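Here are some notes to read alongside the model. Please keep the sequence and the 3D view open as you go through the points.

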Amino acid sequence: MELEKLQKAIVAMNGVIEAILDDEKGCPWDKEQTPTSLSEYTIEEMFEFVDAIRKDNSCEACEEMGDLIFGVMLIAKKYAQKGQFDFADALTKSVEKMKRRHPHVFNDAETYDTSKEALHETWEKIKNQEKAEKGENTGAFVSIPQALPALTRAYRIHAKAEKAGFTWDDDEDVERQVEAEWLELLDAKASGDQKQIEHELGDMIFSLTEMGRRLGVKANIAVDMTCNRFMQRFAAMEQLAKDKGLDFNALTLDDKDELWNEVKAQEQK
C-alpha cells in the first residue's frame, strides 16, 4: 500500500511538471528555465526544508520536502528534454551506489566488521574506487563542495583531515590551539590591520569547529540554533516590554538586559 501511494504521488508530480512545461498551455517562466538557473532555487528550497526540520515543525517539513522534490524532478525533466537523463535514471544510479557502499547490508557472501569506524572506512574506500574508475581526482578533500556553508565545510575538512592522519593528537591540543588563535586575534585587533583581523578570526572559528566536532557537535547546527534562540528571546523581550507599556526602543541597555533576564527565567520555568 505504501509503495502504491508513492507511485501515485510520483506519477501525479510528473503530470504536473509535464503540464507546466507543455508547449501550448505551459508556464512561460518555467519553460525558459535551465538546470543552472533552477539550481539556485533548489538551494533555497533545501534551506527552507532544513529550517523546518530544525524548528521541529513536521507539517512545514512535509511541505518543504515536497517543494524540494518538485524542484529536483523539474530539473531532471529539463535534462530529459535534452536527452541526457531522467528522474528514474537518477534514482536508479543512487540505488546502485547505495548498494555498492553498503556491502554489509546487501552482500550475504561475506562477513563485515560493522563497527562505526570500519563502516566509514569501507564507505570511503568504495568512494575512492569509484572515482579512480572514472579517472577522477581522489584527493582527501575533492568530495567537499565549495558551495557548502562555511561552518559545514570546515567541519567536513576537519573530518577528512582526521582520516588522512593530519589533526591534533588529543582534545587538549585543540583547546590550546583555540586559545592561541584568540591571542593572535587580539594582537591583530591591536594592530588595526583589518585583513589580519579577518584572517585570525577565521582561524579561531576554524579551530572552534574542530573542537565542536570532537565533542560531537556540528558548528553550523549549533550556531543556527543559537541564532534561532536569540531571535525568539528578543521577540519575547519586545513583547514583554509591550505588555508592560514600555517603549522598547527608548529603553536603556540596562533596562533591556533586565527584560532579557526575565525572558530567560521564564524559559527555565
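1. Let us begin with charge. The chain has 36 positive and 56 negative charges, and their mean positions lie 4 Å apart. In this count Lys and Arg are positive, Asp and Glu are negative, and His and the chain ends are left out. Each charge is placed at NZ of Lys, CZ of Arg, CG of Asp or CD of Glu.

2. A word on the source. This is a predicted model, in which local features need pLDDT of at least 70 and side-chain atom pairs count only at pLDDT 80 or more, while totals for chains, interfaces and linings use all residues. Residues are numbered from 1 along each chain as its sequence is written, and side-chain values use heavy atoms, leaving out hydrogens and water.

3. Now the overall build. The chain has 12 helices and 0 strands, where helices (H or I, at least four residues) and strands (E, at least two) are DSSP runs numbered from the N terminus. The chain's radius of gyration is 25 Å, well over the 18 Å that the globule rule gives for 269 residues, so the chain is more spread out than a compact globule. That radius is taken over C-alpha atoms, and the rule is 2.2 Å times the number of residues to the power 0.38. Along its principal axes, the C-alpha trace spans about 65 × 55 × 40 Å.

4. How much of the chain is buried? Of its 269 residues, 23% count as buried. Buried means under 20% relative accessible area, exposed over 50%, and partly exposed in between (1.4 Å probe, protein chains only).

5. Please look at helix α7, residues 116-133. At 1.5 Å a residue its 18 residues should span 26 Å, and the end C-alpha atoms are 26 Å apart, which agrees. The expected span is 1.5 Å times one less than the number of residues. The buried residues of α7 are Ala118, Glu124, Ile126, Lys127, Glu130 and Lys131. Their cover includes α5 (87-101), α6 (103-106) and α8 (150-163), with contact meaning heavy atoms within 4.5 Å. Just after α7 comes Gly135, with a positive phi of about 75 degrees.

6. Leu151, Ala154, Tyr155, His158, Lys160 and Ala161 are buried in α8. An α-helix has 3.6 residues a turn, so residues three or four places apart point the same way. The cover over the buried residues of α8 includes α7, α10 (194-214) and α11 (219-243). After α8 comes Gly165, whose phi is positive, near 75 degrees.

7. Which residue other than glycine has a positive phi near 60 degrees? Asp56 has this value. Asp56 sits in the loop between α3 (35-54) and α4 (58-81), and it counts as exposed at 70% relative accessibility.

8. Finally, find Ile221 in helix α11. Ile221 is partly exposed, with a relative accessible area of 32%. Ile221 and Arg54 are 167 residues apart in sequence, yet their C-alpha atoms are 8.6 Å apart in space.
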